[in-house]
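User: I would like to learn how to read salt bridges in a model. Could you walk me through it?

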Amino acid sequence: MSELPGIVIAGASGRMGQMLIRSVQDSDKMRLVGVLEREGHDWVGRDVGEAMGGQPIGAQVWDDPLEPMARARAVIDFTAPEATIALSHTAAQARAAHIIGTTGMTEDQIAQLEPASRHCAIVRAGNMSLGVNLLVQLTKQVAAALDEDFDIEVIESHHHHKVDAPSGTALMLGEAAAEGRGIALADVRDAARDGITGARKRGDIGFSAIRGGDIVGEHDVLFAGDGERIVLRHMATDRALFAKGALKAALWAMDRAPGQYDMLDVLGLKG
């Protein structure tokens with residue numbers, strides 16, 4: 001029997017990192033060959049199982065990604081924009097697929113992934129759940145069917161630890177709504193309202209962000225017209241669904257040609 005493909009997890013000590021580590025350990029389709037943390041982190045050099053408070057699992061925590069990446073087919077990365085950009089260079093060098101769930105990336109930072117995508121497959125998504133990606137498609141379809149008599153608002157809720165707003169998923173949904181209407185989101189984006197803002201501009205796509213407690217992730221797309229409203233909703237109650245999607249993306253991307261992909265490619269939802 002051939003050896004299972006190796007996976008590296010970046011940002012090992014974070015909540016998503018630990019969830020991914022457990023998910024790979026539970027998988028019969030891949031194996032964990034190492035995990036990554038920033039230089040100076042007290043987990044570096046330890047077995048990650050012990051670092052997480054359990055038994056050794058035979059996977060070390062590294063601050064230099066090259067050695068574990070040389071033994072991996074893919075790296076799964078839910079970290080921070082600058083860390084993601086740096087890791088993309090190593091993934092390209094190792095010819096390993098780079099699965100990116102990092103949010104809060106600017107357009108300039110996203111553009112910096114392009115050189116790496118010439119040498120490895122990159123799957124980048126603001127959200128890796130099947131349900132959310134179906135919601136993206138539905139949002140595009142409804143936006144295409146309704147004219148500017150319907151205001152569009154993307155409302156998202158997350159836990160109080162989240163540092164970026166709007167969420168990556170909210171921006172995915174806003175992009176889908178704009179695409180459905182045949183416009184650029186940058187031209188109609190309405191966010192961060194405070195004070196005397198004036199009346200809402202016709203055709204704008206608004207964003208509202210809620211932060212509190214331990215909310216995993218909730219997203220509504222509101223189409224509000226005179227006398228009626230349409231609400232499309234997705235509620236995540238378990239972070240494991242994002243890990244499941246990331247593992248699916250990693251397995252899918254291992255045999256893909258270099259290039260940039262998203263979860264609609266992985267799930268076969270591209271129209």
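User: Which residue forms a salt bridge with Glu153?

Analyst: A salt bridge here is a side-chain nitrogen of Lys or Arg within 4 Å of a carboxyl oxygen of Asp or Glu. Glu153 pairs with Arg200, and their closest N and O atoms are 2.7 Å apart. Glu153 sits in strand β7 (residues 151-158) and Arg200 in the loop between β8 (189-190) and β9 (205-211), so the pair ties together parts that are 47 residues apart in sequence. Helices (H or I, at least four residues) and strands (E, at least two) are DSSP runs, numbered from the N terminus.

A word on the source: this is a predicted model, where local features need pLDDT of at least 70 and side-chain atom pairs count only at pLDDT 80 or more, while totals for chains, interfaces and linings use all residues. Residues are numbered from 1 along each chain as its sequence is written, and side-chain values use heavy atoms, with hydrogens and water left out.

User: Is Glu153 buried or exposed?

Analyst: Buried means under 20% relative accessible area, exposed over 50%, and partly exposed in between (1.4 Å probe, protein chains only). Glu153 is buried at 7%, whereas Arg200 is partly exposed at 31%. Through shared partners, salt bridges join Asp151, Glu153, Asp190, Arg193 and Arg200 into one network.

User: How many salt bridges does the structure hold?

Analyst: There are 15. Among them, Asp255 pairs with Arg73 at 2.9 Å between the closest N and O atoms. Asp255 is exposed at 67%, and Arg73 is partly exposed at 34%. Lys162 and Asp164 also meet in a salt bridge, at 3.1 Å from N to O, and both residues are buried.
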